[in-house]
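The entries follow in the order I looked things up.

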Amino acid sequence: MIRLMLAAMLVLASASTPRTSIAQASQAPVVQYGIEVRPDTVTVGQHFELSVRVRAPVGATITFPPGPDSGASIEAIDPRTVSTFDDTAAVEQTARYVLAAWDTGAVHTTLGTVIVTAKGARREIPLDSTVVHVHSVLPADTSLRVPKPARSILAARAPWWPWLVAALVALALILLLLWWWLRRRRPIPAELDPYARAEQAFTRIDALRLIEAGERGRFVALNVEVLREYLAARVEAARRSLTSTELLGALQGERALPLERLAPVLAEADLIKFARRPVGTERARELSREVRGVVHDVEQALKPPEASAPPPEDQAA
């Protein structure tokens, strides 16, 4: 009796709603279903809901389709939802689809097929007959309704960036070869004489104006460093790695060097440099003059005598 009353109610509901259809299978399993669209008239892109209600015998399995295919005139906005009604006399489920139409006119909602399986029997319910009316949101006189023709497929083009990389590499190689060629053509500067280098170094030290800045100890140390560099360049035994005591011992055999002047200068410079012995302005200037005098005397002592030029020969008349 309850089953007959539910069937009568579904029939009456379908008669009052024009967009709802109900059918009953002639063979087992006995299936009742209804389809409802709310609202049944929409504009392009407006969301509407389509509900599919299926009633089957107890123990039946109801499988609803996932929704319309992508790219069709009807598109699913949200995933399908399925709700089950508590009923001991039958299995009743409702699937709800939130859709949107992208074409105008009477559009068929092609969702797929509902499959009901019960006691080895199978029933298929197609959901292709529901129609929703879609109105355009454009003015009546618009020409955008007509779709444009499809464009032809563009021919595949080779990428351009390998040519840019090759051009940059070639440019870098050309610049590198040009730099190498110019460097080879540049004249190599002649190496300065040790005495000339020492004179230039003394000039740079004076330009620092260390005495005026209060750095008298550094002034003396730099002058002695120039002296050591000069001796290492002029005398083979005067290596830069020797201490002052070792240097004086290595130069004992050099009779031309003024060792009696070199020894006190090196000794006092070591005290100023390593023992932090204070030195006054005048004493710093005196030590600088003594260092430069030693360099000058050594240069004069080691300088080879100039060969006398031969007298010019008399030429025959």
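Before the first entry I wrote down a cut-off: a residue counts as buried when its relative accessible area is under 20%, as exposed when over 50%, and as partly exposed in between. I also noted that this is a predicted model.

**Entry 1: Gly-67**

I looked up Gly-67 and found it in the loop between strand S5 (61–63) and strand S6 (74–76). Its relative accessible area is 11%, so I put Gly-67 down as buried. Leaving out residues up to four places away in sequence, I found that Gly-67 touches Tyr-97 and Leu-111. I also checked Thr-113, which is 46 residues from Gly-67 along the chain; the two C-alpha atoms are separated by 9.7 Å.

**Entry 2: the whole chain**

I noted seven helices and twelve strands in the protein. The protein has 317 residues, and 29% of them count as buried. I then looked at contacts with a separation of 6 or more, and 60% of these are between residues 24 or more positions apart.

**Entry 3: a nonpolar patch**

Which residues make the nonpolar surface patch of about 860 Å²? I listed Leu-171, Leu-175, Leu-176, Leu-178, Trp-179, Trp-180, Trp-181 and Leu-182. I followed up Leu-182, which lies in helix H2 (residues 161–185). Leu-182 has a relative accessible area of 44% and is therefore partly exposed.

**Entry 4: aromatic rings**

I searched the whole structure for aromatic pairs and got one. The pair is Tyr-195 with Tyr-230: the ring centres are 6.4 Å apart and the planes stand at 70°, so I recorded it as edge-to-face. Tyr-195 sits in helix H3 (residues 194–208) and Tyr-230 in helix H4 (residues 216–234), so the pair ties together parts 35 residues apart in sequence. Tyr-230 is buried, at a relative accessible area of 2%.

**Entry 5: Glu-299**

Glu-299 is placed in helix H7 (residues 281–302). Is Glu-299 buried or exposed? I noted 9% relative accessibility, so Glu-299 counts as buried. Not counting residues up to four places away in sequence, Glu-299 touches Asp-193, Tyr-195, Tyr-230 and Arg-234.

**Entry 6: salt bridges**

How many salt bridges does the structure hold? I have 19 on record, and I looked at some of them.

Glu-124 pairs with Arg-122, with 3.1 Å between the closest N and O atoms. Glu-124 is partly exposed, at 46% relative accessibility.

Glu-225 forms a salt bridge with Arg-240, where the closest N and O atoms are 2.6 Å apart. Glu-225 belongs to helix H4 and Arg-240 to the loop between H4 and helix H5 (244–250), so this bridge ties together parts 15 residues apart in sequence. Both ends are partly exposed: Glu-225 has a relative accessible area of 25% and Arg-240 has 33%.

Arg-261 and Asp-297 meet through their side chains at 2.0 Å, N to O. Arg-261 is in helix H6 (residues 259–274) and Asp-297 in helix H7, so the pair ties together parts 36 residues apart in sequence. I noted Arg-261 as partly exposed at 25%, and Asp-297 as partly exposed at 28%.

Last, I found Glu-36, Arg-38, Glu-49 and Arg-96 linked in a network of salt bridges.

Methods
Residues are numbered from 1 along each chain as its sequence is written. This is a predicted model: local features need pLDDT of at least 70, side-chain atom pairs count only at pLDDT 80 or more; totals for chains, interfaces and linings use all residues. Side-chain values use heavy atoms; hydrogens and water are left out. Helices (H or I, at least four residues) and strands (E, at least two) are DSSP runs, numbered from the N terminus. Buried means under 20% relative accessible area, exposed over 50%, partly exposed in between (1.4 Å probe, protein chains only). Contact means heavy atoms within 4.5 Å. Patches are made of residues with over 30% relative accessible area and no salt bridge: like charges are joined within 9 Å, nonpolar side chains (Val, Leu, Ile, Met, Phe, Trp, Tyr) within 5 Å. Accessible areas come from the Shrake-Rupley method with a 1.4 Å probe; for residues, only the protein chains shown count as cover. A salt bridge is a side-chain nitrogen of Lys or Arg within 4 Å of a carboxyl oxygen of Asp or Glu. Rings of Phe, Tyr and Trp (its six-membered ring) pair if their centres lie within 6.5 Å; planes under 30 degrees apart count as stacked, over 60 as edge-to-face and the rest as tilted.
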